[in-house]
Each structure stands twice: as C-alpha cells, then as structure tokens.
Amino acid sequence: MIIGIVSVYVIMMIGLVTYDSSKEKISEESEVVVIGDVIIPTKASRPGCDETDRCYIPSVITIDSENQVTWINEDSAFHSVTSGFYGEPSDLFDSGYLDPYESFTFNFDEKGTYDYFCTLHPWMKGQVLVE
Ligand SMILES: [Cu+2]
C-alpha cells in the first residue's frame with residue numbers, strides 16, 4: 001500500500017519535471033526567431049550565386065540613414081558580412097563567422113554606398129545604399 005502511494009508520487013514528480021523542461025525548451029526556441037533584411041541563402045558557399053546576384057538576397061538593399069540592416073545566414077555553412085571588398089576590408093563592420101541561422105545587425109548612421117563581402121567566399125558581394 002505505502003509502496004503504491006510512493007511510486008504514484010514519484011511518477012507524478014517525474015511528470016512535473018519533464019513537463020517543466022519541455023515548456024522551457026519551447027520558449028527558448030521562440031526567442032531565436034530572427035527576421036533578416038538580407039538573407040544568405042543555401043548554397044551561397046559554392047561559386048555560381050554571383051552569376052544570378054543571389055549570394056546575399058537582396059544583393060543591394062536601400063535604407064534610410066540611422067537605420068539598421070540585419071543579415072541572417074540560412075545556409076548550412078559559415079559566412080561573414082564584412083565591409084569593403086575581398087582583400088580590402090574597410091574595417092567599418094565585420095560579423096565574424098556566422099553559424100547557420102546566426103544573424104548580424106549593423107546600424108548605418110551616414111548616407112553613402114557600403115560594399116561588403118564574405119571573407120570565406122570571394123564571389124559573395126553585396127551593397128547597402130543609405131539614403
Ligand atoms: Cu560566404
């Protein structure tokens with residue numbers, strides 16, 4: 001009889017613990033959702049995306065000054081968002097290596113044309129026009 005009550009109690013506790021941890025996982029996942037302005041698409045790590053101008057989508061984005069752009073890496077490989085040109089970084093911004101589904105945001109204060117590239121894939125180029 002006592003063993004029966006204890007085991008019911010233990011089963012209930014296990015149920016509560018499992019329930020709590022599954023609830024936390026759901027809330028963590030929902031916080032991770034980032035909507036990017038510019039997407040790094042799948043297969044951008046292979047040469048060829050430059051032929052259709054789809055290494056960054058869109059490859060040219062126009063924003064008003066004092067606004068930000070968020071890039072999101074939707075590829076399964078690492079990529080970067082680095083200001084300047086391949087071999088000639090301008091040191092304004094650099095995301096470092098972005099993991100799959102990692103994002104990077106930069107705020108553009110001044111008007112101008114900002115070229116950027118990926119440090120890992122020389123064919124990946126994009127532009128931010130700040131008006
Ligand atoms: Cu890349």
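## Burial and overall make-up

A residue is called buried if 20 or more other C-beta atoms lie within 10 Å of its own, exposed if 12 or fewer do, and partly exposed in between, with C-beta atoms placed from the backbone. By that criterion, 20% of the 131 residues of the protein chain count as buried. The structure is a predicted model: local features need pLDDT of at least 70, side-chain atom pairs count only at pLDDT 80 or more, and totals for chains, interfaces and linings use all residues. Residues are numbered from 1 along each chain as its sequence is written.

Helices (H or I, at least four residues) and strands (E, at least two) are DSSP runs, numbered from the N terminus. Two residues are in contact if their C-beta atoms, placed from the backbone, lie within 7 Å. Among contacts in the protein chain with a separation of 6 or more, 65% are between residues 24 or more positions apart.

## The five-stranded sheet

An open sheet is built from five strands in the order β2-β8-β7-β4-β5, with mixed pairing. β2 (60–63) and β5 (88–94) are at the edges; each has a single partner strand, so one side of each lacks a neighbour in the sheet. From one strand to the next, the twist averages 35°. Axes here are lines fitted to C-alpha atoms, for helices over the stretch in contact, and angles run from 0 to 180 degrees between N-to-C directions.

Strands count as paired if DSSP finds at least two bridges between them. β4 (residues 82–85) and β7 (residues 112–117) run antiparallel and are joined by two bridges: T82 is partnered with F117, and S83 with Y116. β7 also runs antiparallel to β8 (residues 125–130), to which six bridges join it. Y116 has G126 as its bridge partner in β8.

## The nonpolar core

A nonpolar core is a set of buried Ala, Val, Leu, Ile, Met, Phe, Trp, Tyr and Cys residues joined through C-beta atoms within 7 Å. The largest one has 17 residues, of which I40, A44, C55, Y56, W71 and M124 touch the most other members. β1 (38–40), β3 (67–73) and β7 are the elements that give two or more residues to this core. β3 supplies the largest share, three residues.

With neighbours within four places in sequence left aside, A44 is in contact with C49, C55, D75, H79, H121 and M124.
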